[in-house]
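Please keep the sequence and the structure in view while reading.

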Number of protein chains: 2
Amino acid sequence: MESLLLSRRDLEFMLFEWLQVQSLAERERYADHSRETLSAALDTYEAIARDFFAPHNKKNDQHEPQFDGERVTVIPEVKAALRAFSEAGLMAARQDYELGGMQLPFAVERAGVAYAMAANLATSGFAFLTIANAELLLTYGTPEQVDRYVRPMMQGRFFGTMCLSEPQAGSSLGDIRTRAEPRPDGTYRLFGNKMWISGGEHEVSENIVHLVLAKIPNPDGSLPPGVQGISLFLVPRRLVQPDGSLGERNDVVLAGLNHKMGYRGLPNCLLNFGEGRHTPQGEPGALGYLVGEAGKGLACMFKMMNEARIAVGLSAAVLGYTGYLHALDYARNRPQGRLPGQKDPTQPQVPIVRHPDVKRMLLTQKAYAEGGLALALYSARLIDEQHSAPDAQARIDAERLLDLLTPVTKSWPSQWCLEANSLAIQVHGGYGYTREYNVEQFYRDNRLNPIHEGTHGIQALDLLGRKLRLHDGASLALLDARVRDTIARARAGGDAALAAHAQALEDIWGHLGETTTRLLAVPDADARLANAGPCLEAFGHVVMAWIWLEQGIAAAQGLASADDERSQHFYRGKLQACRYFFHWELPRVPGWLAVLDPVDLTCAEMQDEWF
Amino acid sequence: MESLLLSRRDLEFMLFEWLQVQSLAERERYADHSRETLSAALDTYEAIARDFFAPHNKKNDQHEPQFDGERVTVIPEVKAALRAFSEAGLMAARQDYELGGMQLPFAVERAGVAYAMAANLATSGFAFLTIANAELLLTYGTPEQVDRYVRPMMQGRFFGTMCLSEPQAGSSLGDIRTRAEPRPDGTYRLFGNKMWISGGEHEVSENIVHLVLAKIPNPDGSLPPGVQGISLFLVPRRLVQPDGSLGERNDVVLAGLNHKMGYRGLPNCLLNFGEGRHTPQGEPGALGYLVGEAGKGLACMFKMMNEARIAVGLSAAVLGYTGYLHALDYARNRPQGRLPGQKDPTQPQVPIVRHPDVKRMLLTQKAYAEGGLALALYSARLIDEQHSAPDAQARIDAERLLDLLTPVTKSWPSQWCLEANSLAIQVHGGYGYTREYNVEQFYRDNRLNPIHEGTHGIQALDLLGRKLRLHDGASLALLDARVRDTIARARAGGDAALAAHAQALEDIWGHLGETTTRLLAVPDADARLANAGPCLEAFGHVVMAWIWLEQGIAAAQGLASADDERSQHFYRGKLQACRYFFHWELPRVPGWLAVLDPVDLTCAEMQDEWF
């Protein structure tokens, strides 16, 4: 254990031993990279996270953003941290050299960002929203939009937001009411209210680039119903002149801040567009610019949304991870009680890490946190394939597999690494429940993750209602092939424990497959989707078993050639966590499958009046 | 739904239809009572909770106790609420008329206190500690101690604490170092530090009665090792003169307050005994009086501790309950989206209570919260039997069964009703994560419950290491008889659904019995106790299935004779929650049993260096 943020040893294992990220150097885009340069990049992230992000994590929580009716004030350490992050080139790290980037592989960039998230989730939020925002504009924006907005974002001068929800339209985006009125010059004027906008107003950056979903009215002035009528707009907080200098204030104003249980350092805003406080260029309405095609706004936004969902899963995993490292550190240093067979009260107390139930809580956290991080990095690695695989079919396959895994990558760590944080508190006993220690904040911060960027329930509907059948089942077939390949490799390695895990995975994969096949064949949509929740639970845990078997195979290979004791310990710990997942977690799956085939309608049939 | 605190309809169902509390009026102690008087008592509790406790719950959280180095200040509403509670006679409600009490059955008194807990957990904490403290002194104290300390507590003039933990001895009480030096006059002088003392210092009451575990030194000045040497002492904050008037300050001083994630309104203290700030009666040390026999302190304290454990379970259940009612209220009033079969975006949005996944989350909360409350009231009802059953064997049996159920009554609601609070947040979406709504506080408050009064891990060791074999297995045999009786009654009622649940319970009860029998026969204590955690999980969920079948039987009886629609809805909801528990929750049990027989040693074999 090198740090209480993340285990660097484990990150290197995941990236270089398991995901073989260094092999990307064979591709032209990454030709300048090697394991050494990639490790050096991780050093940079780690140092900035440690020196600039971690020190104000508690202060950020205790001094949340204040709104005086005019300005939103955050503690000055936030700006200093993000400046250090930008000046090290990390805002643009994955982008082209031409944009000031490092052309880092996505998987490595995400592993680096994970350090910032572990150190200070709230402050890292400004960065990851900006990075995702820029990515969207690079895909769908015009060259002029890239020059005027993306370049300053890459320098850390502008930050980004995503403005989707409205007070009456959270999960149901088709019901948004923000209007975008076209002007003869091709620009738009926006009027409406946006809710839950992270980083929606502050003075940390020179400007804020809002990406806003809105509807262009029909000729009769009505708004087109449903998601089809949604377009995407770029709405800067301050207008940007052709020469890049900042112009007047746009009519985007803060109506109020939400006061959250955790994640407090990142202002979460209710924004009014076009309420009349400002009249940019002498006209009413917030001046906005169409991004991509009219009516295709949701599809464009999902580019950012999918990246955000993976980032949410990643952040949940790393909060679980840092909580685990904190709990481990505490457990090694806290003497309490004696072991069952050694109750002599005249003997000194033992460190609690030696108590079986504490070991259980630590190993559970390790399995959840390392599993969650591995899944997030696996997904990031798929994005690298999607962008740069030499083979066109491989690029398509990576995208399709990622489509299927995204709801799991978002939801699994959000659920189980939150549970890891609860266990981290439990290991600390009463101390963990106090703000004098760090773990209670991780727990509060992490509780947002099952809610934002699509709730757990939305992810479940996405998986069962869409992703399992996506591309005529091609996404699921790709996963099936990978799972079977993993099972075969686990058996081929000659390790009896891994072979037994492979058998367990094959059995449960078959059981899951039969269940979902029959479930998908249920004709009535209400019944089919009624228990989407437990379907996601079961699917998620089986995917995680596969991810653990993958890690187990790589760890067994590492152990076979490890000649120093420290490495051997690392690999044995990895294999033990794999064993834990198969022996302790996989047996949960039949409990979820029990309500899927046939579909148990106990919940669906509950009447409102009976509550 | 009558209130967002608790459902009165449900409380009446549990107390009068299921637990038949009104039948206690046949016993001399309760001869003045009837269903009407008991309901009237609940009215009083509910009114005081609603009018005095609930209004400052959020303020209590936002303005936690402050220590200026001299005094601890809490918001004035706390004192006003506890005065109203005391003046209504509720501090003494279960005690003899002679003590100013109402001779309420324990089960009814707990149901009443539940209102105060639901309204404001922190403020209710002052009361429930005082009530439990008085109970202990009534059992083990001298008549003089009762007159001098219990009577003022019953009037709400003195409050009580329990002082067990020390900074180096939390779960491991045998390692406490507080010394009690005997004086020739039979009193003691205490020296030491006590940690995690709820209500340890404040100005809300005239005096504070600390019940303190300490060790009387051996003749050579050393402290006896282990729990055998522990005695119990009464240490008042201010001395009390023979005439009851308050004398000088005792040498118990606050060293500092802990700052908690939740439960913030109740000051949690590090107390120093005999540090020298005061010299009561001109001598050093905190003046204390032995309670019960020397060396029997832990046994005496467990009287209070067991009551506190049941109270913790109760408080966890009621936080789950009020969270559920808040979520239900929100779900009925929040329109969002459309149902799977009705996606026409031109139609208005539906209240989210109609979405299957929201129904699932609400029904889950209902099953957890009503189940947890039912278990806590069942335990309270056993205390009534223990105290007043006409038959001596019935009194012994009640005590033995309660011994076995106590770790479950403490831990099950602490785990699952916390999960209910998480679901209450989830139903609220982003709103639930903000402090503008109430549910995030319930979640933070409830997170303490798996920690204090014996952690979850301690409860698991208590169950597997002690309670399952207690009295040569007599406790378990009593539970076995009750479970089988319930199964027989469920079958006899002619309701097919209940008969199916009875079969499921019989099957899992058999499976659990075989597993625990083999587990208890494992000779190696380390291996036997290694997986105490999942044993508690499995046992707890099976006990809860039994409690739900009990409620189901009573509900089916109620439904058969219900002639108004509202009652029918109530009973149907109860039966649906019972069905939910059997269909959705009971299938979790084999997942826990999987690691018990044979004992899976994955966690136990994890080496510290491998983490």
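A:His471 is partly exposed, with a relative accessible area of 34%; buried means under 20%, exposed over 50%, and partly exposed in between, for a 1.4 Å probe and protein chains only. The phi angle of A:His471 is near 50°, a positive value in a residue other than glycine. A:His471 belongs to helix α13 of chain A, residues 470–492. Helices (H or I, at least four residues) and strands (E, at least two) are DSSP runs, numbered from the N terminus.

The model is predicted: local features need pLDDT of at least 70, side-chain atom pairs count only at pLDDT 80 or more, and totals for chains, interfaces and linings use all residues. Residues are numbered from 1 along each chain as its sequence is written, chains are lettered from A and ligands numbered from 1 in the order in which they are written, and side-chain values use heavy atoms, with hydrogens and water left out.

A positive phi is also found at B:Trp196, where the angle is near 65°. B:Trp196 is located in strand β5 of chain B, residues 188–198. Most residues other than glycine have a negative phi, and most peptide bonds are trans.

An unreviewed UniProt entry places the feature "domain: Acyl-CoA oxidase/dehydrogenase middle" at residues 162–273 of chain A. UniProt positions are given in the numbering used here, feature names are shortened, and annotations may be inferred rather than shown by experiment. Over residues 162–273 of chain A, the chain is 0% helix and 47% strand, and the end C-alpha atoms are 14 Å apart.
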